[in-house]
Amino acid sequence: PPPRPAVDHPVVVVYVDTEEAAGLFGAATETQAAYEELRDEGFVVLSFVIGGVDFGTPPNAERFIADHDLSYPVFEHANQSISASYQFAPFLPHFSVLDRELRIRALSFSGINEWADARALAEQLLEEEAPEVDWPLP
């Protein structure tokens with residue numbers, strides 16, 4: 001099949017947060033707004049929720065999605081075995097940005113004030129041309 005740049009080569013934001021912090025800082029709402037606006041251009045959000053509503057409680061992805069009316073995937077990730085690779089600073093929320101070739105372009109946007117920078121980088125990467133891929137037929 002012919003390449004579909006927006007689908008086959010997305011720009012991905014990895015968003016790490018807790019239920020408690022998301023309620024305080026509004027990052028889930030901001031990432032959802034960006035997702036709704038940019039998804040047709042190939043913008044994807046993958047969210048890892050690493051803590052619950054109260055400090056030390058386990059995360060609940062279904063509650064997180066419902067509380068913030070999210071339509072992108074959210075993964076419960078209390079042990080942080082994957083999300084730790086995308087979260088070096090202790091501040092939440094945390095954003096990493098991957099380009100259309102899924103290379104990490106920014107690893108450590110930490111804190112709510114950094115969302116604007118993460119979004120700006122994602123929008124810049126969406127402007128870049130998608131890589132050429134040869135799709136061999138079976």
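**Starting point: Gln32**

Select Gln32, which counts as buried because its relative accessibility is 5%; buried means under 20% relative accessible area, exposed over 50%, and partly exposed in between, with a 1.4 Å probe and protein chains only. The model is predicted, so to speak of a local feature requires pLDDT of at least 70 and a side-chain atom pair counts only at pLDDT 80 or more, while totals for chains, interfaces and linings use all residues. Residues are numbered from 1 along each chain as its sequence is written, and side-chain values use heavy atoms, with hydrogens and water left out.

Gln32 lies in helix H3. Helices (H or I, at least four residues) and strands (E, at least two) are DSSP runs, numbered from the N terminus.

Remain in H3 (residues 27–38) and select Tyr35, together with Tyr72 in the loop between H4 and strand S3 (74–76). Rings of Phe, Tyr and Trp (its six-membered ring) pair if their centres lie within 6.5 Å; planes under 30 degrees apart count as stacked, over 60 as edge-to-face and the rest as tilted. Next, select Tyr15 and Phe64, a tilted aromatic pair with 6.5 Å from centre to centre and 40° between the planes. This pair links distant parts of the chain, for Tyr15 is in strand S1 (residues 11–17) and Phe64 is in helix H4 (residues 61–68), 49 residues apart. Tyr15 and Phe64 are both buried.

Return to Tyr35 and Tyr72: their ring centres are 6.0 Å apart and their planes stand at 80°, so this pair is edge-to-face. It too joins distant parts of the chain, the two residues being 37 apart. Tyr35 is buried, with a relative accessible area of 15%, and Tyr72 is buried at 2%.

How many aromatic pairs does the rule give? The count comes to five. To view one aromatic cluster, select Tyr15, Phe64, Phe95 and Trp115.

**The sheet**

Display the strands next. Five of them form an open sheet in the order S3-S2-S1-S4-S5, with mixed pairing; two strands pair if DSSP finds at least two bridges between them. Which strands lie at the edges? They are S3 and strand S5 (104–110), each of which pairs on one side only. From one strand to the next, the twist averages 15°; axes are lines fitted to C-alpha atoms, for helices over the stretch in contact, and angles run from 0 to 180 degrees between N-to-C directions.

Select S1 with strand S4 (residues 94–98), which pair in the antiparallel sense over five bridges. Val13 stands opposite Val97 in S4, and Leu98 in S4 is the bridge partner of Val12.

Continue from S4 to S5: the two run antiparallel and are joined by four bridges. His94 has Ser110 in S5 as its bridge partner. S4 and S5 form a hairpin with five residues between them. Most residues other than glycine have a negative phi.

Move to Asp69 in the loop between H4 and S3. Its phi is near 50°, again a positive value in a residue other than glycine. Is Asp69 buried or exposed? Asp69 is exposed, with a relative accessible area of 63%.

**The largest pocket**

Finally, select Thr18, Glu20, Ala21, Phe55 and Leu92, the closest to the centre of the largest pocket among its 13 lining residues. About 160 Å³ of space lies in this pocket. On a 1 Å grid over the protein atoms alone, a cavity is a set of points where a 1.4 Å probe fits but cannot get out, and a pocket is an open set with protein on both sides within 12 Å along at least five of seven lines; lining residues have an atom within 4 Å of a point. Grid points are joined across faces, edges and corners, and a volume is the space filled by probe spheres set on the points. By class, the lining has six nonpolar, five polar and two charged residues; Ala, Val, Leu, Ile, Met, Phe, Trp, Tyr, Cys and Pro count as nonpolar, Asp, Glu, Lys and Arg as charged, and the others, Gly among them, as polar.
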